[in-house]
Amino acid sequence: MAQPLTIYGIPRSRAFRNLWAAEETRVEYVLEATDFTTGVKAPAFVAMNPNAKIPALKDGDLVLWESLAMNLYIARKYGEGLWPEKLEDEGRVFMWTLWTANELESIQMQWAYNSFIRPPDQRDAALAAAGAEGMKKPYGVLESVLKEGGPYLLGPNFSIADLNVACVAYTAWFNKWDFSAFPKVKAWLDTCLDRPAAKRARNMREAA
Ligand SMILES: N[C@@H](CCC(=O)N[C@@H](CS)C(=O)NCC(=O)O)C(=O)O
């Protein structure tokens with residue numbers, strides 16, 4: 001009998017992204033609880049992911065790390081409606097996935113680390129403010145794209161492009177970053193994060 005897909009991580013980590021993708025596809029999966037303090041340092045885990053970071057994934061003999069790449073694989077293999085049919089749309093999926101990692105996540109993490117992730121005495125208010133300001137640029141890009149097209153990033157249907165961008169933007173959405181200048185983004189995020197599969201993953205993360 002085939003082994004279920006295994007996701008290594010905890011819901012209150014980037015593994016949330018993969019739980020959401022797995023929930024969308026309904027693939028049979030198990031969450032192997034691995035935290036980011038001791039779990040990531042266990043020799044068996046480091047042998048799988050030499051970065052010593054969660055999440056990671058095992059599917060048969062295949063091991064993957066990098067949360068957004070893992071989602072591309074999950075969507076391509078298991079997610080019928082999540083993966084686009086046209087080659088051009090696959091190109092857009094790659095574009096949005098690299099964009100969210102490079103243009104959005106990095107500056108958003110600067111804000112997040114210095115606003116609520118690090119202990120108060122290790123936060124830098126100037127870096128938090130600069131991060132919050134810097135986030136306006138990528139969210140402005142998203143706003144203009146959604147204004148011109150939409151309702152989803154590839155057009156009429158929700159896809160892994162939406163999931164990969166929305167699971168990163170979730171950090172800002174959940175922690176009350178001010179989206180008032182970006183109403184299209186806010187409405188799109190509300191819709192994505194209100195999907196039944198997103199809610200199942202959010203329930204795991206927000207209850208943890
Ligand atoms: N780019 C990686 C980042 C992974 C990452 O930073 N994971 C955090 C938890 S969300 C971690 O394991 N941190 C432990 C550490 O840095 O020691 C991804 O998207 O998977």
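Two residues are in contact here when they have heavy atoms within 4.5 Å of each other. Keep that in mind as we walk through this predicted model, where local features need pLDDT of at least 70, side-chain atom pairs count only at pLDDT 80 or more, and totals for chains, interfaces and linings use all residues. Residues are numbered from 1 along each chain as its sequence is written, and side-chain values use heavy atoms, with hydrogens and water left out.

Let's start with the overall picture. The protein has 9 helices and 4 strands; these are DSSP runs numbered from the N terminus, with helices (H or I) of at least four residues and strands (E) of at least two. Reading from the N terminus, the order is β-α-β-α-β-β-α-α-α-α-α-α-α. Along the principal axes, the C-alpha atoms fill a box of roughly 50 × 50 × 30 Å. A compact globule of 208 residues would have a radius of gyration near 17 Å, and the protein agrees, with 17 Å. (That radius is taken over C-alpha atoms, and the globule rule is 2.2 Å times the number of residues to the power 0.38.) Of the contacts between residues at least 6 apart in sequence, 62% join residues at least 24 apart.

How much of it is tucked away? Buried residues make up 47% of the 208, where buried means under 20% relative accessible area, exposed means over 50%, and partly exposed is in between (1.4 Å probe, protein chains only). Just after H1, Arg26 takes a positive phi of about 70°.

Now jump to helix H8, residues 183–193, whose buried residues are Val185, Trp188, Leu189, Cys192 and Leu193. They sit on the same side of H8 because they cover an arc of only 120° around the axis, going by the directions from the helix axis to the C-beta atoms. Their cover includes H1 (15–25), H6 (136–148), H7 (160–174) and H9 (196–207). In H9 you'll find Arg202, which counts as buried at 14% relative accessibility. Leaving aside neighbours within four places in sequence, Arg202 is in contact with Phe16, Tyr170, Trp173, Leu193 and Ala207.

Next, two pairs of helices. Helix H4 (residues 87–117) packs with H7 at an angle of about 5°, their axes 8 Å apart. Axes here are lines fitted to C-alpha atoms, for helices over the stretch in contact, and angles run from 0 to 180 degrees between N-to-C directions. That makes H4 roughly parallel to H7, since angles under 35 degrees count as roughly parallel, over 145 as roughly antiparallel, 65 to 115 as roughly perpendicular and the rest as oblique. On the H4 side the contact includes Trp96, Trp99, Leu104 and Trp111, and on the H7 side it includes Ile160, Val165 and Val168. By class, the contact of H4 with H7 has 13 nonpolar, 5 polar and 1 charged residues. For these classes, Ala, Val, Leu, Ile, Met, Phe, Trp, Tyr, Cys and Pro are nonpolar, Asp, Glu, Lys and Arg are charged, and the others, Gly among them, are polar.

The other pair is H5 (residues 125–134) with H6, at an angle of about 15° and with axes 5 Å apart; H5 and H6 are therefore roughly parallel to each other too. Here Ala132, Glu133 and Gly134 of H5 meet Lys136, Lys137 and Pro138 of H6. That contact has 2 nonpolar, 1 polar and 3 charged residues.

Finally, have a look at the loops. The peptide bond from Ile54 to Pro55 is cis, with omega near 5°, and Pro55 is in the loop between H2 (43–48) and S3 (56–59). Another cis bond, also with omega near 5°, runs from Gly150 to Pro151, in the loop between H6 and H7 that holds Pro151. Glu66, between S4 (62–65) and H3 (67–78), has a positive phi near 85° without being a glycine, and is exposed at 53%. In the loop between H7 and H8, Lys176 has a positive phi of about 65° and counts as exposed at 72% relative accessibility.
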